[in-house]
Amino acid sequence: MDTTVTDHLLTTTRSVRKRLDLDRPVEREVILDCLRIATQAPTGSNQQGWRFLVVTDPELKSELGRLYRAGGEEYLEAGKEAAAGNPQQERVISSAWHLLEVIDRVPAMLIPCHRGRPPEGIAAAGYYGSILPAVWSFMLALRSRGLGSAWTSFHLAYEREAADLLGIPYEEVTQTALLPVAYTLGTDFKQAPRRPVEEITYGDRWREPF
Ligand SMILES: Cc1cc2nc3c(=O)[nH]c(=O)nc-3n(C[C@H](O)[C@H](O)[C@H](O)COP(=O)(O)O)c2cc1C
């Protein structure tokens, strides 16, 4: 395996918001290919409770956009002060605002769902842990084909309204995210600054160096 290529893919798959190509359609086959890759991800007890809803209908995208904006505006307004003075956080907020403005123009939205409602307690780890790896694989598969996305959760503030809109049986199926799907404007994404792993990794005992 060529680690140079895989490491590049793994370290440069960013949340793309400002560089989504809103004018270029995304082929159904490309989305299906990426989902085929996504469903090779692990799930607890191999349950494969994932379900995927791809939304391309302009009216549905517009209604979902309304819910996304409503959730996003509340969240971003609340976080504005905390981000002030932190350039990296300010960039995230500006980028997130941009996506709020254009969300209904993205060629496709993917809503990864999971069967059942999220359980309480320890079972919650298995529940969300059985959808997160697949969605990340989907994002990586998009990136390797010249497309991009961003994991978003804003519309989940109105999950029930979105379920009614899309015919999702709310009591039986949980929406876990909403991903815009589009080709990217350029493909030269970079690594993001992160805290050094040595600082956040411990050895044998909590807070002892590894
Ligand atoms: C669980 C989760 C929820 C997120 N929700 C949103 C969201 O609602 N809107 C948004 O614009 N970005 C959202 N993000 C993207 C993060 O802001 C982003 O991953 C973070 O700023 C790091 O940037 P990067 O992905 O480019 O490394 C979410 C990410 C995760 C993992």
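Reader: How many Å separate an oxygen atom of the ligand from an N or O atom in the side chain of Arg14?
Author: This is a predicted model, in which local features need pLDDT of at least 70 and side-chain atom pairs pLDDT 80 or more, whereas totals for chains, interfaces and linings use all residues. Residues are numbered from 1 along each chain as its sequence is written, and side-chain values use heavy atoms, without hydrogens or water. Polar contacts are pairs of N or O atoms within 3.5 Å (within protein, one able to donate a hydrogen and the other to accept it; sequence neighbours count only if both atoms are side-chain atoms). For Arg14 and the ligand oxygen, the distance is 3.0 Å.

Reader: What share of the ligand's area does the protein bury?
Author: Areas follow the Shrake-Rupley method with a 1.4 Å probe; for residues, only the protein chains shown count as cover. The ligand taken alone exposes 620 Å², and the buried share is 65%.

Reader: Is Thr13 buried or exposed?
Author: Thr13 lies in the loop between helix 1 (3–12) and helix 2 (28–38); helices are DSSP runs of H or I of at least four residues, strands are E runs of at least two, and both are numbered from the N terminus. Its side chain reaches the backbone oxygen of Leu9 at 2.6 Å, and, leaving aside residues up to four places away in sequence, Thr13 touches (heavy atoms within 4.5 Å) Trp136, Met139, Leu140 and Arg143. Buried means under 20% relative accessible area, exposed over 50%, and partly exposed in between (1.4 Å probe, protein chains only). Because its relative accessible area is 7%, Thr13 is buried.

Reader: On which residue is the kink in helix 3 centred?
Author: Helix 3 spans residues 58–83, and at its start a side-chain oxygen of Asp57 comes within 3.0 Å of the backbone nitrogen of Glu59. The bend (the angle between axes fitted to the seven residues ending at a residue and the seven starting there) is about 30°, centred on Glu77.

Reader: How many residues form the largest nonpolar core?
Author: Such a core joins buried Ala, Val, Leu, Ile, Met, Phe, Trp, Tyr and Cys residues through side-chain atoms within 4.5 Å. Leu20, Leu64 and Met109 have the most contacts inside the largest core, whose residue count is 29.
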